[in-house]
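Welcome, and please get your viewer ready. We will go from stop to stop, with something to select at each one.

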Amino acid sequence: MDDNINSFFNLGERKIKIGDYNYSDGTLSHEYYETKDCIGIVFSIIGTYEYPNGSVVALSDAKNHNESNLHLWRNSIDKVDDSLFDEKNDKIREDHDDYKKDFGGFFYSQNITEEYEAINAAINFPVNLSKDKTSGWYLPSSGQMKMIAQHFVHNDDYEKQKMILNLADVYMVSQPRERKYPLCIDLKDRKFMFENADYKSLVRPVFSI
């Protein structure tokens, strides 16, 4: 095997770095290899409790069974409380630091029911992962999606990765499942906002290793 390509758990002195390429055969590299099947790019050297080595963002957005890449947060019909919706957005600035520090996407995506369309779209992303060596796909939280924006939007240090990921502007993020309103982030200005319950947005899955 090429010395520049390493398995997740046999890195030796080489460390996982932001921008590393993750391949379908369970290897990663600092340089991009066109002869291998790249499935994601490392956006964080923080993973989960069980998979602590880092986190990887998929190369494309999730689609639903109708091949649409726009998703509801949840497909149950709730009575919309406009005053509550306005109140939540009024508090965005107050809670902004908390959203930046929320890395609980994997936790929020556990034991989820079918009504949570966005989370299920991420979990069922049709790219196979090793069940033993990865967390499986999930919907990133606000802090995780902000890290993706920080590294791969308006950052010339990762020009090739930016081109491969081809991120759009606004994405939905994972949050506690009892929340009625979808929380989204505009990647270009790092701005969080709540949208109406019937709002549809993009989903970019991630996994941890």
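Select strand E2 (residues 21-23) together with E4: the two run antiparallel and are joined by 3 bridges. Strands here are DSSP E runs of at least two residues, numbered from the N terminus, and two strands pair if DSSP finds at least two bridges between them. This is a predicted model, where local features need pLDDT of at least 70, side-chain atom pairs count only at pLDDT 80 or more, and totals for chains, interfaces and linings use all residues. Residues are numbered from 1 along each chain as its sequence is written, and side-chain values use heavy atoms, leaving out hydrogens and water.

Now click Asn22, whose bridge partner in E4 is Gly40.

Is strand E4 (residues 38-44) largely enclosed or open? It is largely enclosed by the rest of the structure, because 7 of its 7 residues are buried (under 20% relative accessible area with a 1.4 Å probe, protein chains only; exposed is over 50%, partly exposed in between).

**Stop two: Ile209**

Select Ile209, in the segment after strand E9 (206-208). Ile209 counts as buried because its relative accessibility is 0%. Then show Val56: it lies 153 residues from Ile209 in sequence, yet their C-alpha atoms are 7.8 Å apart in space.

**Stop three: another pair**

Finally, select strand E7 (residues 183-186) and E8, an antiparallel pair joined by 4 bridges. Look for Ile185, which stands opposite Phe192 in E8.
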